[in-house]
Amino acid sequence: MKEYGNMEERLSRGREDYEKIPVPEEMRAKLEAGIDRALAEKEEMRMADREKRISENRKKQNMEKKNRGKITGFRIAVAVAAAAAMVVILPNTGADVAHAMGSIPVVGKLFQAVTFRDYQYESDRFDADVEVPQIVVGESEKEAGEQEGTGTKHNAAADQSGGAVSDELQQTVEQINFDIEKVTDQLINEFQELADAGESYGSLEIHHEIVTDNEAYFTLKLFIYQGAGSGYQRYKIYTVDKKTGKQVQIGDLFAEGSDYNGVLSENIRDQMRAQMAEDENKVYWVDYEDVPEWNFERLKEDQNFYFDEAGNLVIVFDEYEVAPGYMGALEFTVERAVFEEMLK
């Protein structure tokens, strides 16, 4: 019995070590095929629950359909599949309505993220839960003086006229909204094609969150999950400088000539090493001798980031970017004191 216990323990450790190994691209197809077979068996057990949820969705759809006639300006497309096991709901709100929702009179600047399109899909093999946001901006008042504790060092001399900032801001918001719509439409279309083919399995989730809204910056975080046997998490993060009205990348925050990238990257590597020392289940691609080219070295020019409420910088990585897939998407917080002197 003791030998059996030791063997079981060795097998368990071996399985854990194996799960930490990054999956090479050439092996992914074979792994996904095996996962698909396992999921097929799992799906059979979930059918009863799915049918119940589909029935509830139908009731909800019928109730919404009765109420939609009372809502002016909404353009709604509803498609109900012939198959009894599938419900697709595609309501859309027009851009004019979205703008109206964001133009509520308030004191000071107003940013809102409204759901521009809602896409829901469910069948025995595919499911989607998508909320496509659009940014809307209300009337703004001119801000003057130094912005404190918000991740920036703007001063009064850098202020522009209220009208100039408003024009620049509106153009920036339109560009961001266009990019969001383009990205999400492509993902929805790809998912729909796979669902129509009816092969394999697939999931799509898109949600949004306002992660920064202070005197200096507004940041919208778009969460994207695609599942096809195995899953993949990634983010699209949009940050607007309220003072200039422009969209900013991480390098725009820092003074020219500063080694912000080296300082931030080393801080993150230190955090990775510390976490791995404390928890053997955590694995990051740092000091990784087996495949050194995978090691995290520097932030990308378009690296996802945002400021938290304390003014710290949060660096965001997609799944597989700096660690094996089982670690998921990752965030590292760099304390403000580390980089404050390098800010513009």
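Residues are numbered from 1 along each chain as its sequence is written. In this predicted model, local features need pLDDT of at least 70, side-chain atom pairs count only at pLDDT 80 or more, and totals for chains, interfaces and linings use all residues, while side-chain values use heavy atoms, with hydrogens and water left out.

The chain contains six helices and 10 strands. Helices (H or I, at least four residues) and strands (E, at least two) are DSSP runs, numbered from the N terminus. Of the 344 residues, 40% count as buried. Buried means under 20% relative accessible area, exposed over 50%, and partly exposed in between (1.4 Å probe, protein chains only). The chain exposes about 19500 Å², and carbon and sulfur atoms supply 49% of this area. Accessible areas come from the Shrake-Rupley method with a 1.4 Å probe; for residues, only the protein chains shown count as cover. Among contacts in the chain with a separation of 6 or more, 62% are between residues 24 or more positions apart. Contact means heavy atoms within 4.5 Å.

Strand pairing was examined next. Two strands pair if DSSP finds at least two bridges between them. Strand β4 (residues 126-137) and strand β5 (residues 202-213) run parallel and are joined by five bridges. A128 has L204 in β5 as its bridge partner. β5 also pairs with strand β6 (residues 217-228), in the antiparallel sense and over 10 bridges. T212 stands opposite T219 in β6. Three residues lie between β5 and β6 in this hairpin.

A further sheet is open and has three strands, in the order β8-β9-β10, with antiparallel pairing. β8 and β10 stand at the edges, each with a single partner strand, so one side of each is left without a neighbour in the sheet. From one strand to the next, the twist averages 25°. Four bridges hold the antiparallel pair β8 and β9. Within this pair, N304 stands opposite V316 in β9. Helix α5 packs on the sheet and touches β9 and β10. The direction of α5 makes about 115° with that of β10. Axes are lines fitted to C-alpha atoms, for helices over the stretch in contact, and angles run from 0 to 180 degrees between N-to-C directions.

The length of α5 was then checked. The 19 residues of α5 should span 27 Å at 1.5 Å a residue, and the end C-alpha atoms are 27 Å apart, which agrees. The expected span of a helix is 1.5 Å times one less than its number of residues. Buried residues of α5 include Y260, L264, I268 and M272. The buried residues of α5 pack against β9, β10 and α6 (336-339).

Side chains of opposite charge can pair when their charged atoms come close. The structure holds 10 salt bridges. A salt bridge is a side-chain nitrogen of Lys or Arg within 4 Å of a carboxyl oxygen of Asp or Glu. One of them joins R117 and D185, with the closest N and O atoms 2.9 Å apart. R117 lies in strand β3 (residues 111-122) and D185 in helix α4 (residues 162-197), so this pair links distant parts of the chain, 68 residues apart. R117 is buried, at 17% relative accessible area. D185 counts as partly exposed, at 25%.

Helix α4 also holds I188. I188 is buried, with a relative accessible area of 2%. Not counting residues up to four places away in sequence, I188 touches R117, Y119, V130, V132 and L204. The C-alpha atoms of I188 and E205 are separated by 9.7 Å, and the two residues are 17 residues apart along the chain.

A second salt bridge joins D287 and R273, with the closest N and O atoms 2.7 Å apart. D287 lies in the loop between α5 (260-278) and β8 (304-307) and R273 in helix α5, so the pair ties together parts that are 14 residues apart in sequence. R273 is partly exposed, with a relative accessible area of 29%. E266, R269, D270, R273 and D287 are linked in a network of salt bridges.

Another salt bridge joins E321 and K300, and the closest N and O atoms are 3.3 Å apart. This pair links distant parts of the chain, 21 residues apart. E321 is in the loop between β9 (313-317) and β10 (330-334), and K300 is in the loop between α5 and β8. Both residues are partly exposed, E321 at 25% relative accessible area and K300 at 39%.
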